[in-house]
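Hi,

Here is the structure I promised to pass on to you. Have a look at it first, and my notes follow below.

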Amino acid sequence: MLTLHHLGRSQSERIVWLFEELGLDYELKRYSRRADNRMASPEYKALHPMGTAPILTDGDLVLGESAAICEYLIQTHGGGRLAVKRGEPGFADYLYWFHFANGTLQPAVLQVWSLERVDPSDQNAPLRMARGRFNMVFSTLDQRLGEVPYLAGQELTAADIMTVFSLTTMRLFNPYDLSPWPNILAYLQRIGARPAYRRAMQKAEPDLTPVLGAVPA
């Protein structure tokens, strides 16, 4: 039995969405964050040596890292759906944007967030540099989404599933305004209209309205 151990308001929402897009049978176990520090509970941390979300179990297998889980589910249980195969149009685009999500986009958001917590003033030179990087990352993403409806081309893939968390739920931790990037906002409206995404967010975060607008509500 495939079981996703979902920590509230975390990257594990990606895997709930992936399950719903693939139409796979799975069990969803939801875990709340601690009230004192908003971190994972000891019960959740005991699931995997790293103690981070998401965690997938498949029989004796215990697998962490959302990107690894995406690839595992697509290749092992999904028949290769939601990935672009080598030799197919958009293969390189798919690889790039799949890895862009956690390799470039999320670090850019986290770096600004971390530096603002230390010193949000204009005198913080590392923060100024991080904000410049942030703007470049988002402008690059916006340009791509002005060319195609989804990151790998005409159809939704796991590259999109990896990307959307940083543009939506992550903004509850680090609010930022997406209004300078209209193509990203239009993309989020397309994502929000997908039945599988709506089902996933209702299951993963039943008390949360998906963060799809320019600023978190």
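In which kind of crossing, left-handed or right-handed, does α1 pass α8? Before the reply, please keep in mind that this is a predicted model. The crossing of α1 past α8 is right-handed.

Some detail on that pair: helix α1 covers residues 13-22 and helix α8 residues 195-204, and they pack at an angle of about 135° with their axes 8 Å apart. On the α1 side, the contact is made by E13, V16, W17, E20 and E21. On the α8 side, A196, Y197, R199, A200, M201, K203 and A204 take part. Sorted by class, this contact has seven nonpolar and five charged residues, with no polar ones.

Next, helix α5 (residues 125-147). Its 23 residues should span 33 Å at 1.5 Å a residue, and the end C-alpha atoms are 34 Å apart, which agrees. Buried residues in α5 are L127, A130, F134, V137, F138, L141, D142, R144 and L145. Their cover includes α4 (91-118), α6 (158-167) and α7 (182-192).

Finally, a loop residue: D177 sits between α6 and α7. D177 is partly exposed, because its relative accessible area is 36%, and that class lies between 20% and 50%. Beyond its neighbours within four places in sequence, D177 is in contact with A214 and V215. The C-alpha atoms of D177 and L2 are separated by 37 Å, and these residues are 175 apart along the chain.

Best wishes

How values were computed:
Residues are numbered from 1 along each chain as its sequence is written. This is a predicted model: local features need pLDDT of at least 70, side-chain atom pairs count only at pLDDT 80 or more; totals for chains, interfaces and linings use all residues. Side-chain values use heavy atoms; hydrogens and water are left out. Axes are lines fitted to C-alpha atoms, for helices over the stretch in contact, and angles run from 0 to 180 degrees between N-to-C directions. Helices (H or I, at least four residues) and strands (E, at least two) are DSSP runs, numbered from the N terminus. A crossing is left-handed if the near helix is turned anticlockwise from the far one by less than a right angle, and right-handed if clockwise. Contact means heavy atoms within 4.5 Å. Ala, Val, Leu, Ile, Met, Phe, Trp, Tyr, Cys and Pro count as nonpolar, Asp, Glu, Lys and Arg as charged, and the others, Gly among them, as polar. The expected span of a helix is 1.5 Å times one less than its number of residues. Buried means under 20% relative accessible area, exposed over 50%, partly exposed in between (1.4 Å probe, protein chains only).
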